[in-house]
Amino acid sequence: MAHILVAEDESKIALSLAKALEAEGHLASVAADGRQAWQLLSEGEFDLVILDLGLPEMDGIDVLRQARASGQATPILILTARDALEDRVAGLDAGADDYLVKPFALAEVLARVRALLRRGSSDLPRRISVEDLTIDLLQRRAWRSDDLLDLTTKEFEVLALLAQNAGKPVTREMLGKVVWNNIPRVTSLNNVIDVHIARLRRKVDDPFAIPLIHTKRGVGFVLGATPEP
Ligand code: CA
């Protein structure tokens with residue numbers, strides 16, 4: 001059983017989500033505006049948050065940013081009626097773990113919820129080191145030469161996947177599957193991946209003498225001191 005916060009101002013949608021989650025054996029709390037969502041989130045212990053981006057009082061994206069800025073690692077699934085890719089990218093950059101575009105099927109939400117809850121409790125090795133890069137998978141932090149890297153949730157996940165496959169190429173398909181749950185509606189997941197790789201390079205490689213993230217043309221990306229395994 002998981003305790004799930006549903007932050008959604010359309011009461012019909014909020015109710016049907018809460019009912020569906022409870023039918024799956026979960027406990028659901030509903031917040032009807034952003035301020036209430038943030039209040040519940042900052043006080044309560046939730047295993048997962050379903051967050052509508054278009055909320056009154058306080059925008060969903062601000063709730064998300066505030067949650068991440070305060071160190072909350074709770075998986076967050078965002079809902080958006082907005083069709084613009086930049087809004088979705090902004091949500092993912094702000095630390096959302098996954099998203100659904102409205103209208104959605106309840107079965108689809110429940111499948112994403114199951115996947116996120118599964119991933120949240122995954123039993124992975126705690127630390128990985130590649131050259132002077134260290135990644136703590138439990139704390140979800142990364143250091144290079146003892147400098148703590150300031151990474152978004154998605155940037156961390158991309159880097160973690162590269163590190164778990166250090167010396168071996170990670171394809172765009174793998175990144176899509178693992179980091180973005182293979183979201184079928186993202187028409188240009190390639191652009192999203194490129195944006196994240198570019199930002200990771202600025203943070204992980206640019207300040208240091210030896211670059212670790214390499215592009216393998218037509219294949220994907222490799223993490224290591226040299227581009228070829
Ligand atoms: Ca709304």
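This briefing covers the fold, the sheets and the calcium site of the structure above.

The model is predicted, so local features are given only at pLDDT of at least 70 and side-chain atom pairs only at pLDDT 80 or more, while totals for chains, interfaces and linings use all residues. Residues are numbered from 1 along each chain as its sequence is written, and side-chain values use heavy atoms, with hydrogens and water left out. The protein has eight helices and twelve strands; helices (H or I, at least four residues) and strands (E, at least two) are DSSP runs numbered from the N terminus.

**Overall figures**

- Of the 229 residues in the protein, 50% are buried; buried means under 20% relative accessible area, exposed over 50%, and partly exposed in between (1.4 Å probe, protein chains only).
- The protein exposes about 11,100 Å², of which carbon and sulfur atoms supply 51%; accessible areas come from the Shrake-Rupley method with a 1.4 Å probe, and for residues only the protein chains shown count as cover.
- Among contacts between residues at least 6 apart in sequence, 57% join residues at least 24 apart, where contact means heavy atoms within 4.5 Å.

**Calcium site**

- Asp9 (OD), Asp52 (OD) and Gly54 (O) coordinate the calcium ion at 2.2 to 2.3 Å.
- Donors are N, O and S atoms within 2.8 Å of the metal (3.2 Å for Na, K and Ca), and sites may look incomplete because water is not among the atoms.
- The spacing of the donor residues in sequence is D-x42-D-x1-G.
- Asp52 counts as buried because its relative accessibility is 2%, whereas Gly54, at 34%, counts as partly exposed.

- All five residues of strand S1 (residues 3-7) are buried.
- His3, Leu5 and Ala7 point one way from S1, and Ile4 and Val6 point the other way.
- In a regular strand the side chains alternate between the two faces of the sheet.
- S1 runs parallel to strand S2 (residues 27-31), to which five bridges join it; two strands pair if DSSP finds at least two bridges between them.
- His3 has Leu27 in S2 as its bridge partner.
- Between S1 and S2 the chain passes through helix H1 (residues 11-23), in a β-α-β crossover that is right-handed; right-handed means that, with the strands pointing away from the viewer, the path from the first strand over the helix to the second runs clockwise.
- S1 also pairs in the parallel sense with strand S3 (residues 48-52), over four bridges, and Val6 stands opposite Ile50 in S3.

**Sheet S6-S7-S8-S9**

- Four strands form an open sheet in the order S6-S7-S8-S9, with antiparallel pairing.
- Strand S6 (127-130) and strand S9 (147-148) are at the edges with a single partner strand each, so one side of each is left without a neighbour in the sheet.
- S6 has a covered face with Ile128 and Val130, and an uncovered one with Arg127 and Ser129.
- Four bridges join S6 to S7 in the antiparallel sense, and Ile128 has Ile135 in S7 as its bridge partner.
- The hairpin of S6 and S7 has two residues between the strands, and Glu131 takes a positive phi near 55 degrees there.
- Gln139 lies in the loop between S7 and S8 and counts as partly exposed because its relative accessibility is 38%.
- The C-alpha atoms of Gln139 and Ala73 are 9.2 Å apart, and the two are 66 residues apart in sequence.
- Strand S8 (residues 141-144) pairs with S9 in the antiparallel sense over two bridges, and Trp143 stands opposite Leu148 in S9.
- Helix H6 (residues 153-164) lies across S6, strand S7 (133-136) and S8, at about 110 degrees to S7; axes are lines fitted to C-alpha atoms, for helices over the stretch in contact, and angles run from 0 to 180 degrees between N-to-C directions.

**Sheet S10-S12-S11**

- Three strands form an open antiparallel sheet in the order S10-S12-S11.
- Strand S10 (170-171) and strand S11 (213-216) stand at the edges, each with a single partner strand, so one side of each has no neighbour in the sheet.
- Two bridges join S10 to strand S12 (residues 220-223), which run antiparallel, and Thr171 stands opposite Gly220 in S12.
- H6 packs on this sheet as well, touching S10, S11 and S12, and its direction makes about 70 degrees with that of S12.
- Helix H8 (residues 189-205) lies across S11 and S12 and runs at about 145 degrees to S11.
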